[in-house]
Amino acid sequence: MTHSIKTVDDLRWFLAHTQAFRGGQVTDVHVAKRLIFDEESGRDITAGTVVTVVVRYHVRDILRIAKLTLQGVSDFSVFEQDGRDGSGLGMIQVELHDGRLRFWFDPQGNLYAVCEEAMLEEVSAPHGDADLGDAVAQWIFQADSGDPPTIAWLLHELDAAGVPCSWRATARRLDHSQPLCWDGELVVAADTNDGPTAALAVQAYGPIDGAGFGIRLQSRSVTGRPVGRLLRVVSEVVTQRYSGTCLAGQMVLSHEEWMRRNSTKHRH
């Protein structure tokens, strides 16, 4: 899901949707400056600054990972004292003044930014015993629209990609509060690699936050290259068929960014 934030109405929607990130956690802050060469002064000057803040938070039974991209940043500060974890958020404050957005990510202003506009990109998943905290490898995909594929389709596509797998359904009590469509483990056929058998926990769930279906891949054991290859192939199979937003590690990526990164890796 993506949403541009420019106007007062956009701001109202943003605060209502995110509940001001109440109780959330900042997992990543990135600053990018664009420099151009000034011929008169003979030096590089700043031509624009973009700040990206990634926040993980919960709303009811939904886990959300949001990437807030602040464009046209004119003022920015980040401060964290030694020995103090400044990643926790109580509730952020935002205002629109003279056509500029002002973000206070904590009351003390340790993370503060003024910008021309903001873009929210977000991935949602059911919150439960399969949360992201204990996963060694993880990937979440949220489709723009549509229903989740079937297990049979996924197994067929993996077989066609040269990574045949079997499926083990997870036995769990029926929970109508969780929109899970299927839940289990993908296991690579034993004769396709020489090392430990690669396996991934996989969940598919229906629409959350008004967007399309979601798929979550997780591994809780370090199994080296086999599980990394399985995760990569599954993610490629899904994103080649469906358009949406991805969470890879702590990075929230649009479909275009994800495809561009993967094509670059394949060229090298």
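**Close-up 1. The salt bridge between E257 and K67 in the predicted model.** In this predicted model, the side chains of E257 and K67 meet in a salt bridge, with a distance of 3.4 Å from N to O. Because E257 belongs to helix 4 (residues 255-267) and K67 to strand 4 (residues 62-71), the pair ties together parts of the chain that are 190 residues apart in sequence. K67 is buried, at a relative accessible area of 9%, whereas E257 is partly exposed, at 23%. Salt bridges that share partners also bring in E121, so that K67, E121 and E257 are joined into one network. Side chains of opposite charge can pair when their charged atoms come close.

**Close-up 2. The salt bridge between E185 and R168.** Here the side chains of E185 and R168 meet in a salt bridge, with 3.5 Å from N to O. E185 lies in strand 12 and R168 in strand 11 (residues 165-169), so this pair ties together parts that are 17 residues apart in sequence. With a relative accessibility of 28%, E185 counts as partly exposed. A search of the whole structure finds 9 salt bridges.

**Close-up 3. R12 and D9 in helix 1.** R12 forms a salt bridge with D9, and the closest N and O atoms of the two are 2.9 Å apart. Because R12 and D9 are 3 residues apart in helix 1, about one helical turn separates them. Both R12 and D9 are exposed.

Close-up 4. Strand 7 (residues 100-104) and strand 8 (residues 111-115) pair in the antiparallel sense over 4 bridges, and F103 stands opposite A113 in strand 8.

**Close-up 5. The largest nonpolar core.** The largest nonpolar core has 30 residues, and those with the most contacts inside it are W139, F141, L154, L158, L217, L230 and V234. At least two residues of this core come from each of strand 10 (137-143), helix 2 (151-160), strand 12 (180-188), strand 13 (199-205), strand 14 (214-219), helix 3 (225-241) and strand 15 (244-248). Helix 3 gives the most to this core, with 7 residues. Leaving aside residues up to four places away in sequence, L158 touches V163, P164, C165, L186, V233, V234 and V237. A second, separate core of 26 residues includes V59, L70, L111 and C115.

**Close-up 6. Helix 3 and its buried residues.** Helix 3 has 17 residues and reaches 25 Å from its first C-alpha to its last, which is close to the 24 Å expected at 1.5 Å a residue. The residues of helix 3 that are buried include V227, L230, L231, V233, V234, V237 and V238. Buried positions in this helix also include S235, E236 and T239.

Technical notes
Residues numbered from 1 in each chain as written. Predicted model: local features only at pLDDT ≥ 70, side-chain atom pairs only at ≥ 80, totals over all residues. Heavy atoms only, no water. Core = buried A, V, L, I, M, F, W, Y, C linked by side-chain atoms within 4.5 Å. Buried < 20%, exposed > 50% of the residue type's maximum accessible area, 1.4 Å probe, protein only. Contact = heavy atoms within 4.5 Å. Pairing = 2+ DSSP bridges. Salt bridge = Lys/Arg side-chain N within 4 Å of Asp/Glu carboxyl O. Expected span 1.5 Å × (residues − 1).
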